[in-house]
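Reader: I have a model open and some labels to check. Please take me through them, with the cut-offs.

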Amino acid sequence: MEADRVRRARIGEAALLLFLLVGGPLLMAETFRFQVVPWDPLGMAFWPRIQLSLGCAVILARLCKLRASGAPDPGDFARGLGVLAVCVVYVVAVGAIGQYLATPLFFLSFAVLRGSDDRRQGVLAALIAALVVLLSVWLLFDEILGLRVVSLPYWMR
């Protein structure tokens, strides 16, 4: 009985992952329809293509791990849904409160979802990671490429 439940859980997770893996290239193909504007040399599809490529790589890694592992941990699915929810909230939050405030909150939420014993170390690592990401994006896009991509909160626009 338990083995049958575990097998169904693994098959269900594999089916969901394969569905997402098929959706990635379909969405990637859709990015080629994005409008091209002369003031954006990288194009509007630059970042979505990177995200879709990374997402497909993570899905493939999870499929390989699923195939090699035994019973799935039920907590993994709940954490996965939590990560998806945090990502959706982040996209909405960037428009409302800007990237400078949303990014540290985004990284802090992952420190909470990780659930380690040493919360202080997790929070510190999340804040350092957020600082590195914000500085890297600002340096690469604003300073080197001359593109303004970092958004401000709605009250500062």
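Reader: Which element gives the most to the nonpolar patch?

Author: Helix 5 does, with six residues. This is a predicted model, where local features need pLDDT of at least 70, side-chain atom pairs count only at pLDDT 80 or more, and totals for chains, interfaces and linings use all residues. Residues are numbered from 1 along each chain as its sequence is written, and side-chain values use heavy atoms, with hydrogens and water left out.

Reader: What makes a nonpolar patch?

Author: Its residues have over 30% relative accessible area and no salt bridge. A salt bridge is a side-chain nitrogen of Lys or Arg within 4 Å of a carboxyl oxygen of Asp or Glu. Nonpolar side chains (Val, Leu, Ile, Met, Phe, Trp, Tyr) are joined within 5 Å. Here the members include Tyr 100, Leu 131 and Trp 138. Together the patch has about 830 Å² of accessible area (Shrake-Rupley method, 1.4 Å probe, only the protein chains shown counting as cover for residues). Helix 4 and helix 5 (119–144) each give two or more residues.

Reader: Why is Leu 131 called exposed?

Author: Exposed means over 50% relative accessible area, buried under 20%, partly exposed in between (1.4 Å probe, protein chains only). Leu 131 has 51% relative accessibility, so Leu 131 counts as exposed. Its place is in helix 5.

Reader: Which residues of helix 4 are buried?

Author: Gln 99, Ala 102, Thr 103, Phe 106, Ser 109 and Ala 111.

Reader: What span is expected for helix 4, and what does it reach?

Author: The expected span is 1.5 Å times one less than the number of residues. For the 16 residues of helix 4, 22 Å is expected, and the helix reaches 22 Å from its first C-alpha to its last.

Conventions:
Helices (H or I, at least four residues) and strands (E, at least two) are DSSP runs, numbered from the N terminus. Patches are made of residues with over 30% relative accessible area and no salt bridge: like charges are joined within 9 Å, nonpolar side chains (Val, Leu, Ile, Met, Phe, Trp, Tyr) within 5 Å.
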